[in-house]
Structure formats: structure tokens, C-alpha cells
Amino acid sequence: MSLTLLVAQLLNGLQYGVLLFLLAAGLTLVFGVMSFVNLAHGSLYMIGAYAGALAYGASGSFAVGILAAMAAALAIGLVLEVTIVSRLYRRDHLDHVLATFGLVMFFNELVRILWGPQPIFVQVPDVLSGTVDLFGFTYSSYRFAIIAVGLVVAVGSRLLIHKTRIGMLIRAGAQNPQLVSALGVNIGLLNALLFGVGAMLAGVAGAMAGPVLSVQSGMGEPVLITTLVVIVIGGIGSVSGAFYAALIVGVVDTLGRVFLPLILRQLTERSIADAAGPALASMSVYVLMAAVLALRPQGLFPARRG
Amino acid sequence: MKTSSAFRPSTWIPLLLLGLLAIVPTVASGFDQPYWTAFFARILIYAVAASALNLALGYGGLVSFGHALFLGIGAYAVGLCAFHGIGSGWLHLLVAVAAAAAAALVIGAISLRTSGMAFIMITLAFAQMGYFLLVSLKHYGGDDGLSVGSTSRFGPFDLGSTSAVYYAAWLVLVAILWSMARVRVAPFGMALRGARQNVKRVDAIGLQAHHVRLVAFVLSGMACAVAGVLLANLNAFVSPSTLAWTVSGELIVMVVLGGIGTVFGPFLGALLFFVLEEVLKGFTEHWMAVFGPVVVLVALFGRRGIAGWLEALNRKRPSPGPPDIVAPGRA
Amino acid sequence: MAALQTENLVRRYGALLVTDNVSLDIRSGELHALIGPNGAGKTTLINQLSGELRSNAGRIHFDGQEITSAPVHQRARSGLLRSYQITSIFEEFTVLENAALAAVGTSLNAWRFWRPMLDDSRARAAAEEAVEVAGLTAFAETVAGELAYGQRRQLELAMTLAAKPKFLLLDEPMAGMSAKESAAVTELLRGLKRRYTILLVEHDMDAVFALADRISVLVYGRVIFTGTADEIRAHPEVRAVYLGEETD
């Protein structure tokens, strides 16, 4: 295995991790602050992907696509928050699971009705269709752009959370939700805002994933479940935990898929390696999660201390 | 709570339905409609799985979003045994139940270290792990699944025909409903239900809530695997889609729709789920676009389920005492 | 002979000493009251004794055994039972079921899957007796969630009694009760005296002085004095820090 392959796969892992972070950032705050289990976060990602693909296709501008994805996911996120989600905050988690599971069924079917079951393929925008030369390696500019956007969002959310008043409330809310409402803050507004921003980030992730993955009904759930793994590893409610965990999961998953079969081939017969390699690789992030939980049930970077 | 006799609507209506289901294969062959038997067999099997989930979810308050895994383990126990030429139903059952117990023990031990949200996500993630594991095992069909060449044989009794599976599923369902009724008020069930309401107190009176929950989770997984064995025989086919995360969600929907924590709720929920699906499919292929919002409405408003509604009927009957205040459905 | 003994028991939250080297010696058969102003650390101490809170240092002996790090359920099974200041019952079960489950905890175990709990004659008898002692017989079939506040407090006590304890840790059994209800519970506790060894945390001074054989005063996590009711009344420091606050 060459160094070039390793670096390219590391970057792929990073790019996947960054996408996971965009999904995990909003979701972990909704979990942490509102104690709400949102399975429909994957649907918001799917909505972003469709809105992005359609607006990009119609306008020819990828930027317009991204903006449309943000707007659509934000709008639908807010509508869901006001009509359904906000009524469930005080209920137990089972009701959250049930309601958002119903929403997932609905949105997946709605997308199938509107745009059919077959995937939509999205072109990489012209500007980013080339490659970047980096110390002698070449790497897709588009994937680089995804990494860059993800890092910008990570830095931005860190500043927002640690340097602003809203961020202070969010942090306080993640550690002690009762306290925040006792402070006289309009908790309903804060919740809606958080949910909306989380939805918007999911929409961005969907739109950016469009040219890399296929856009189709049900695309949100596999990535949602990996996002849940990220959140559990990072510690529920912790945005910085979600960031590190997303990168770890992205890299472990990507490298595992490429290198585990290769490594096994060195160790055992080819036929066994070919059978066991993909099996082990597909389990790697879950094994990682189980190991983390066995050692630290509250995750690697828990938001609540004490 | 204790109204006059056992002849309350919440008891006799489910029992009547159960009795009527016993004659479905006879009626179906009389009308020459073999599809009816297969359709209701599926309901019986999912009713078994939902009842099994109810032990953990309803009695124990453990929101497992990964019970499809145990269903899949049961199904693949049959599929893999048959693939390797093992036809004994007893062995199928043994492999299914033992594998499910082992998996549930590991998953339960890890996920019960956490609670609430993390528990939901972890059970979901483990089920997903099983799903991707089976998808990647190309030797056993991978994504495409595996035909079950030889169905489970219990001595002279072979689960090769739809009606054989049907009667077996009916018996298993009756057995599990009876067990659930017994366990509910036995010390184990009381401790388990107590731990859902007030876990701290269960420890304070000298019972180990953690152990009680873990055992409930394992038993629940084992019973679910039995449903998987039946399912593999019914379809003569197994595929990773049995373990899809949506199946775990559907099992939860059945439990809540029917009445969480009640004896007959999961059975009633499974019945309504599939009948509703069938009816909606008659109108549109996009039935999920209607069913999804129904599930949302159930979460918002219908939390006591069909069994809760039947219990309300109990109270409407002329009774000497003052009307009962509706007890809180869940903590 | 000492039923329950603590040696230099400590509990810290960061730099704050909530339990500061508490050494108590509660004799078998006595009713020992623990009093102190709000925030003195009484409930923390009870939680350490019951096992719900780990101690940072020190030792606890119960019935001749060291139990410093024993888990909650094991302490309960050895006869050390507690009640809660904030009512902690099973809201969906009937009064009798609540008490019977408490009896199951110490006299049987949870690993019985088939026979109904209430068909077990031992659990049922213990539950019925406890419910009667607590004065709830008329409400035995009532769902706990529908009880009035005072009755819930009585059930709290009944659950502790149904477990056939050797030692009762009672955390403010009269909290929030009316004067009439408090008087009834005082009578109830008088009846329990001598049958069980009792550590009673209570704010109601009339009840404490009427019931207690000995009283320990806890201030800022420290036991500043232990003595009889008369000695407590006469003790200048206790009057200053505790009774002074209580009378104004």
C-alpha cells in the first residue's frame, strides 16, 4: 500500500467525518439541550440534498443550490418544531422516537411520490471539478471544499458557543435545562432556534453530499445512524465532542473499508480475507462505539460533568 | 382497578380475536384463499415479536430500538443451519435462542450502563451492526438474502407448509401471551415494572434493578428470536431486510398502537398495523405517506393504545364503585 | 451493643465538606434522632448510610459487618431500610402491591417468574401487616398515584416496614404533613419504637423530643453534640446554633 493511497484515504475519511459533523452538531444540541430524540434529522438532510440538487439543476449555480438547501431545511425544520416537536419536549423519549419515526416514513414516501424511487445524480460544480495539488498529491477540489466548509462551521460554532450570549445559554442548557428556563430566558424561542439551525446544517450537509453520494429516498437514515454513533462516542450534548468523534468515525470507517481487507489478506488466505474483511470493516465503527461505552459510558467528551 | 370479573372487554375481546384467528386456515382453505393464511401468519409472528419487545419496552421501560436484530438472528439461525444441511427444528430453535441470548447479554450489559437517549441509540447501532455484517457476508447471499432450502422439522411436524407455520405461530403467541400475563404480576414482573416507575426505590427495597432489567432484555431478545425462526419458515427465505432499522421502529409502533405495557396490546397492535397497511395499500402504493402521519398522531394523542381504549370500556359498564380515575399510562 | 456505627465518615463535593468526620454510635433498640438546620447534611448522611452515596473516607458498620462500600440492595437485604424525604413510591401499583414488592425485596427475590406476587403468603402477610400499621388498610386496593399527600407519606413508611427491617433510616417522615397528621405519625412511631432500631431525621421538634432516646445535632456536616432530650435542651451551644433558629 502506497503512501499516496493512505493520504488520499485519510482525506476521504476526513471529508466523511466533516459531513458527519455537520449532521451531528445540530443533533447533539437538540439531544443535549432539549433532551429530544430526533430520528427525522436524516430526513432534513435528505430534504437539503433534494432542494440543493433541484435548485442547482434549475439555476446552474451550486451556490444557489446550497442556499436553497439551507432555506428548505430551515423552513421545514421550523415548521416541524412548531407543529410537532415542541409539543413533545416534555414527553418521554418513546414518544419522540415514535413521532419522528412516523415523520421519517412520511418524508421518504413523499420524496418517492414527488421525484420517484430512482436516484438523482448531481454534477460537481465546474469550479470545483478539478483537483488540488498538495505536496505532490492530487486530490479532488470538491472534496477539499467539503472539508473546508466543515472546518469553517466547526470554528464558527465554537465561536458561537463560547463567545456569545446565545452560546452561553446553549452551554448552560446542555448542562442544566431547568436552570436556563429559571433565568427567564424564552426557552421556547431558544429551542426553536436551535432546532432550526440544526436542521439548516443538516440541509447543508445534504446539499454538499449530493455530488459525492446519490440523492434518493431513504438516503438520510444510514448516515443518521452513523451520526448517532458519533454523538454517543462524543458525549451527548457536546459539540466539540461531536467534532472529534465525527473525524474519528469518518477516518476509522473509511480506512477500515480500504485497509482491513488488505491487511487480512497478508495474514490469512485470500478467500477468508475477502469474506471477513468487508464484514469486519462494516462493523468497525460500532465496535469502536461499544469499546468507548464499555470504558466511558458518558462518551469521550461529555457536556455534563460531575 | 379491579372491576367485577374477568369478563371485561379488555380481556374477552382480545381472547375472542385470538380464538377467531385459530380457524383462519380452515376458513381460508374453505374459500380457497391461501393468501389469507400467509397474511395472518405474518400478523401472528409479528405479534410474538412485539409481545417480546413489550417485556423490555412496556414492562421494563427500556426503549430498545434494535429488536429487529433478534428477529434477524432467529431467521438467520434457520437460514444458516439449512444452508449447512441441518434440518432439525430443535437445533434451529436452540441456535436461534442461544445466539439471541448471547447477543442480548452483550448488548444489554453495554447499553444498560447508560440510560434514556443513549440506550435508544446504542440498541439501534448494534442492530445496524448486525445488519451490515449480514450484508457483507456474500457467502450467505449478502444483500440478496438466502433461500431456506429445508424448513425446520420437529420430528414428524414440519414447518414446510404455510398452515403448519400458522398453527405453530398461533401456539407460540398463546404461550407468550399467557407468559406475559403471568410474569406481569409475578415478583419478577413487578420488580421490572417497578424499576420503570422508580428505579431508585427498587434498589432501596433490596432488589437489583440492573440485574432485573438485564434479564428482561435477554428474555425479550430470546422470545423475539423464536418469532424470527417462524418468519424464516413462513417466507422460506431470509435477508438482511428482516433486521432493517425500520423493522425495529415498526415493532415499537405495534406495541404502542396496541397498548404499551399491557398483556394483549402488542397482539392488538400487530393486528391493526398489518390490517391498516393492507387497507391503505388497497388505495395507494404510497401507503407510508398516510401511515407515517398516523404514527405521529398516535405519538401525540393516542398513547394508551387500543388496550387503553378497551380498558376505558371496562369502566363504562355499570359498576357499584365510583368511576376510576384514569391511572397514568407511563411515568 | 451498637446496631449501626460510623467512624469518621466523610463526604466532599469539591472543596465543600458536606459530611465532616461523622462518628455515630446507634445502640440496638434505641430511637436516635438526627436534627440540624437546613443544609446541615442530614439527607447526605442518610444517603451514605443507605449506600446511595459513596463515602470519601471513613467506615460504616452495621450489625457487626462492615458495609462501607456495600451496594444499596445488599444493605437493604441485610435489614437496613430507608424511607425518603421526597415520597418515593410506585405510582402505578396499588398500596398493597407497593408494600408487597418491598416485602419481596428482602424476604424473597425477583427471580420468580410465574406465581403472582400477591399469592405468596409471606409477602402478602408482611404487606398487609405493614399497611395496617401505617393505617392504610382501607386504601389497600387504591392505586398509589391517586392517594392524598398524607397517605403517600404513610405508604412511604409502610413500604419500609413491609421489608421486615432491623434498622430504619427515616428521612423526615412528617415532611409537609399537617399538625394532625404529624401527631398520628408520632403515635405510629411510638408503636414502632423498641421493635426496630431507628435513626430519625426530623424537623418537627415536638415529635423528636417526644420520641427520641438520644439526639445528635448535625451542623455544617459535623455532629456537635449527642445526648438525651434533656441534655439537648440544656446544652448552650445547641441552643445557640439550632434551637435559637428553630424558635424564631
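User: What distance separates the centres of domain 1 and domain 2 of chain C, taken over C-alpha atoms?

Analyst: This is a predicted model. The domain assignment of chain C gives domain 1 as 1-79 + 166-248 and domain 2 as 88-164. Taken over C-alpha atoms, the centres of these two domains of chain C are separated by 25 Å.

User: Which elements give two or more residues to the side of domain 1 of chain C that touches domain 2 of chain C?

Analyst: The contact draws 8 residues from domain 1 of chain C and 10 residues from domain 2 of chain C. On the domain 1 side, the residues divide into 5 nonpolar, 1 polar and 2 charged. The elements giving two or more residues to that side are helix H2 (72-77) and helix H6 (179-192) of chain C.

User: Which element gives the most to the side of chain B that touches chain A?

Analyst: Among the 2 pairs of chains that touch, chains A and B have the most contacts. Their contact takes 40 residues from chain B and 39 residues from chain A. On the chain B side, two or more residues each come from helix H6 (117-136), helix H11 (245-258) and helix H13 (288-301) of chain B. With 13 residues, the element that gives the most is H6(B).

User: How many residues of the side of chain B that touches chain A are nonpolar?

Analyst: That side holds 40 residues of chain B. Of these, 8 are polar and 4 are charged, and the nonpolar ones number 28.

User: Where in chain A is confidence lowest?

Analyst: The mean pLDDT of chain A is 88, with 98% of its residues at 70 or more. Confidence is highest in helix H4 (residues 93-115) of chain A, at 95. The lowest, at a mean of 70, is in helix H7 (residues 177-182) of chain A.

Notes: Residues numbered from 1 in each chain as written. Chains lettered and ligands numbered in written order. Predicted model: local features only at pLDDT ≥ 70, side-chain atom pairs only at ≥ 80, totals over all residues. pLDDT = per-residue confidence, 0-100. Helix = DSSP H or I, 4+ residues; strand = E, 2+ residues; numbered from the N terminus. Contact = placed C-beta atoms within 7 Å. Nonpolar A, V, L, I, M, F, W, Y, C, P; charged D, E, K, R; others polar. Domains from an automatic or database assignment.
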